[in-house]
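Thank you for making the time this morning. I would like to walk through one model with you, element by element, and I will say along the way how each term is meant.

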Amino acid sequence: MIREKIIIEDIAITLERKNIKNMYLRVLPPNGEVKVSAPLFLSDEDISNFIKSRKEWILKKQELILKNGISAPLKYKNGEKHEIWGKTYALQLIKNTTTKRVLVDEERNVIYLPVPPRSTIEKRKNILDEHYRAELKHALPEALDKCCKIVGKTPTDIKVRKMKNWGNCNQNGVITLNLNLAKKRPICLEYVLIHELCHLIEFNHGKKFKKLMDKFCPNWKEIKKELNE
Ligand SMILES: [Zn+2]
């Protein structure tokens, strides 16, 4: 494979020539980088004409990516940045190991992820997700105790799940938490707990509910914003 950087009509392009039959054009998050894969036999002129013909599409796609702040999908590879409790770590895969446990080096800011050989992205994600689940379950008793004292309510049960929302409280008083809360600062977990515990007083998100939040978690609006970034 031959890789080079070219500029066509003010668009910076990473061009890869390889043994393929068709030309491929991609605009990638997070910066809108343009990547073109071209067959070895294609002339520079053909490539240039192709890119010129797609210029408008490229610019539109770049604008969309930057406007929506679309981030690159995680690949769970070495050096990739991941968060635990609001702190950033670099991922380090360990292969051919007997250990099944995720190890975290707090001094060097490294997460050691034990993975089977030829593991898929999904498999690696699951291993790290299970670590987040364990982190959250470990932190829960103390945080829950604190928040129950603040709100004056106790859930009937508490669960940790992969879910879309950060938390949920059902009519039976069961609170469910998103395991991704272990990625965020601990204050975010407390905020979600207080929010869900307030549902044991007010089931909807009306005026009364907001008053409770103001009382029990005065800076809840800022924390909510941080959570949804
Ligand atoms: Zn709610």
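Predicted model: local features only at pLDDT ≥ 70, side-chain atom pairs only at ≥ 80, totals over all residues.

**A walk through the model**

Let me begin with Thr176, which lies in strand 11, residues 174–178, where strands (E, at least two residues) and helices (H or I, at least four) are DSSP runs numbered from the N terminus. Residues are numbered from 1 along each chain as its sequence is written, and side-chain values use heavy atoms, with hydrogens and water left out.

Thr176 is buried, with a relative accessible area of 12%; here buried means under 20% relative accessible area, exposed means over 50%, and partly exposed is in between, computed with a 1.4 Å probe on the protein chains only. If we leave aside its neighbours within four places in sequence, Thr176 is in contact with Lys159, Arg161, Met163, Trp166, Gly167 and Asn168, contact being taken as heavy atoms within 4.5 Å.

Now to the metal site. Which protein atoms are the donors of the zinc ion? They are the NE2 atoms of His195, His199 and His205, lying 2.0 to 2.1 Å from the zinc ion, and along the chain these donors follow the spacing H-x3-H-x5-H. Donors are N, O and S atoms within 2.8 Å of the metal, or 3.2 Å for Na, K and Ca, and since water is not among the atoms, sites may look incomplete. Of these histidines, His199 is buried, at a relative accessible area of 9%, whereas His205 is partly exposed, at 48%.

Where does the lining of the largest pocket come from? Strand 10 (167–169), helix 4 (186–198), helix 5 (207–216) and helix 6 (220–227) each supply at least two residues, and helix 4 gives the most, with four.

Let me turn to helix 1, residues 44–53, whose buried residues are Ile47, Ser48 and Ile51. Seen down the axis of helix 1, these buried residues fall within an arc of 100 degrees, so they line one face of the helix; the arc is that of the directions from the helix axis to the C-beta atoms. On the other side of helix 1, Glu45 and Ser53 are exposed. The cover over the buried residues includes strand 1 (2–8), strand 2 (11–18), strand 4 (33–39) and helix 2 (55–67).

Another buried position is Ile127, at a relative accessible area of 16%, which is found in helix 3, residues 121–151. Beyond its neighbours within four places in sequence, Ile127 is in contact with Val102, Leu113, Pro114, Val115 and Pro116. The C-alpha atoms of Ile127 and Val115, twelve residues apart along the chain, are separated by 7.8 Å.

Finally, some points on the backbone. The peptide bond from Pro29 to Pro30 is cis, with omega near 5 degrees, and Pro30 has its place in the loop between strand 3 (24–28) and strand 4. Asp10, in the loop between strand 1 and strand 2, has a phi near 70 degrees, a positive value in a residue other than glycine. Tyr76, in the loop between helix 2 and strand 5 (81–84), also has a positive phi, near 55 degrees. Is each of these two residues buried or exposed? Asp10 is exposed, with a relative accessible area of 78%, whereas Tyr76 counts as buried, at 5% relative accessibility.
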